[in-house]
Amino acid sequence: MPNDALFAEALTHFPGGVSSPVRAFKSVGGHPKFFKKAWGAWFEDEDDTRYLDLCMSWGPLIHGHANKEILAIVAETMREGLTFGAPSRRELALARRIKEMVPYIEKMRFVSSGTEAVMSALRAARGFTKRDLILKFDGCYHGHSDSLLVKAGSGLATFGEPTSAGVPKAFADLTLVLSLDDPEALEATFAKHGSDLAAAIIEPIPANNGLLLQDRSFLQRLRELCTKYGTVLIFDEVISGFRVAPGGAAELFGITPDMVTFGKIIGGGMPVGLYGGRKDIMGMVSPDGPVYQAGTLSGNPVAMAAGLATLQRLTPGVYRDLEAKSERWAKTFEKIPGLHAPRIASLIWPLFQPEVKRADRVESGAIAQFSRLHKLMLEEEVYLAPSGYEVAFLSTAHGDAEFTHFERAVEKIAAQW
Ligand SMILES: *Cc1c(COP(=O)(O)O)cnc(C)c1O
């Protein structure tokens with residue numbers, strides 16, 4: 001069946017025809033593609049068109065699609081059973097590797113998604129501090145749990161308002177929302193509410209509202225204020241974890257949070273999330289402590305094997321290589337008139353305005369220009385994430401042939417822009 005026929009049927013089964021909303025192409029126009037297979041940096045849709053992928057399943061595929069070595073390990077693991085619902089040595093192997101890469105983690109728990117990791121980390125922080133209030137930042141995404149589908153209300157340093165129907169106002173009332181890159185508001189908020197704040201959660205490298213790169217001093221001040229007020233600092237490294245450095249943004253900035261959440265790369269394409277950090281806080285989690293959290297498929301052996309195989313292949317050479325590559329790809333992006341490409345490690349944001357640090361500084365005109373770029377790129381068989389608020393992800397599979405394909409597409413688009 002061709003893409004459009006599949007989409008017509010999908011609309012009869014699923015809201016918007018999709019299993020996750022941004023896939024519906026609403027913000028760029030047109031219809032989503034249905035993919036049937038993928039390899040390396042490429043995937044092929046049901047119309048038999050091959051695309052160079054710059055979305056890479058939104059981050060997990062740092063070694064490319066269907067990496068042969070990883071697939072072989074996953075296949076072998078599957079033959080021994082898909083799930084046990086009981087402990088297995090594979091959880092320990094992945095935990096050991098994680099502690100090597102992220103040495104400040106004392107204890108951890110595996111879950112099955114980033115959303116679940118964040119939701120559980122917040123519960124542990126609330127249980128530990130016996131406080132209810134949390135602080136988040138406008139422009140950071142932390143999954144879709146109730147407490148976090150909240151945006152700033154009107155005025156400075158306010159309690160939030162739900163961003164989704166179905167989120168009780170009572171949840172939003174427990175979530176404070178601040179702008180990124182606003183040290184004064186940060187000081188004022190902690191002065192007023194610090195001793196009531198259970199947790200402050202931030203993407204240290206905010207990469208879900210474009211790429212809003214923060215000054216180290218802002219994160220450092222947040223760290224100090226959390227320490228001063230006994231607030232649990234949670235770094236949400238679901239995207240930045242294992243991507244920007246072996247130890248994520250915490251390593252890159254030299255700032256240690258109390259808790260961290262991971263997802264995406266940690267499962268190498270299988271559903272895995274993790275929350276962890278200080279052992280006194282993790283000691284609150286059941287069965288050791290009173291904070292309940294559980295999962296039928298948590299620590300799933302196949303997912304653990306995929307995650308371990310992925311992390312084992314993240315060597316210093318891989319990070320160096322991705323860094324050099326990303327610089328080259330970002331420069332090439334900038335051949336398109338008006339496009340700036342803020343980047344860090346292998347994350348690049350194609351943005352039609354100069355770099356910004358705050359969500360409210362992103363201009364709607366810039367996002368409209370992205371939609372045009374998205375469409376032209378598809379015609380050149382380059383697949384960008386279908387929203388101007390999403391970053392591009394490079395992988396080890398984006399090599400010279402892929403670069404040539406990309407450069408040709410950019411030059412063609414630049415000539416007609
Ligand atoms: C993707 C993401 C999540 C949510 O993870 P899911 O696996 O989609 O639930 C949470 N936080 C950040 C920073 C993310 O990028």
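I started at Trp42 and found that its bridge partner in strand E3 is Leu52. The model is predicted, so I kept its limits in mind: local features need pLDDT of at least 70, side-chain atom pairs count only at pLDDT 80 or more, and totals for chains, interfaces and linings use all residues. Residues are numbered from 1 along each chain as its sequence is written, and side-chain values use heavy atoms, with hydrogens and water left out.

**Entry 1: the hairpin**

I looked up how E2 and E3 run. Strand E2 (residues 42–45) and strand E3 (residues 50–53) are antiparallel and joined by three bridges. I noted the terms: strands are DSSP runs of E with at least two residues, helices are runs of H or I with at least four, and both are numbered from the N terminus. Two strands pair if DSSP finds at least two bridges between them. E2 and E3 make a hairpin with four residues between them. Asp48 lies in the loop between E2 and E3. Its phi is near 65°, a positive value in a residue other than glycine.

Next I followed E3 to its other partner. E3 runs parallel to strand E15 (residues 382–383), with two bridges. Asp53 stands opposite Tyr383 of E15. I also checked Ser57, which sits in the loop between E3 and helix H2 (68–78). Ser57 is not glycine, yet its phi is positive, near 55°.

**Entry 2: a three-stranded sheet**

I then looked up the open sheet with the order E13-E14-E16, where the pairing is antiparallel. Strands E13 (343–344) and E16 (392–393) are its edges, and each pairs on one side only. Strand E14 (residues 347–348) pairs with E16 over two bridges. Ile348 stands opposite Ala392 of E16.

**Entry 3: H3 against H10**

How do H3 and H10 pack? Helix H3 (residues 89–101) and helix H10 (residues 301–312) meet at an angle of about 30°, with axes 9 Å apart. Axes are lines fitted to C-alpha atoms, for helices over the stretch in contact, and angles run from 0 to 180 degrees between N-to-C directions. H3 is therefore roughly parallel to H10. The classes are: under 35 degrees roughly parallel, over 145 roughly antiparallel, 65 to 115 roughly perpendicular, and the rest oblique.

I listed the contact residues (contact means heavy atoms within 4.5 Å). H3 gives Arg90, Glu91, Ala93, Leu94, Arg97, Ile98 and Met101. H10 gives Pro301, Met304, Ala305, Gly307, Leu308, Leu311 and Gln312. By class, nine are nonpolar, two polar and three charged. Nonpolar covers Ala, Val, Leu, Ile, Met, Phe, Trp, Tyr, Cys and Pro; charged covers Asp, Glu, Lys and Arg; the others, Gly among them, are polar.

I checked the loop between helix H9 (279–282) and H10, where Pro287 is found. A cis peptide bond joins Ser286 and Pro287, with omega about 10°.

**Entry 4: H6 against H7**

The axes of helix H6 (residues 183–193) and helix H7 (residues 216–229) come within 11 Å and cross at roughly 5°. That makes H6 roughly parallel to H7. H6 brings Pro183, Leu186, Glu187, Phe190 and Ala191 to the contact. H7 brings Phe218, Arg221, Leu222, Leu225, Cys226 and Tyr229.

**Entry 5: domains**

Last, I looked up the domains, whose bounds come from an automatic or database domain assignment. Domain 1 is 3–62 + 315–416, and domain 2 is 68–312. Their centres, taken over C-alpha atoms, are 25 Å apart. 25 residues of domain 1 are in contact with 30 residues of domain 2.
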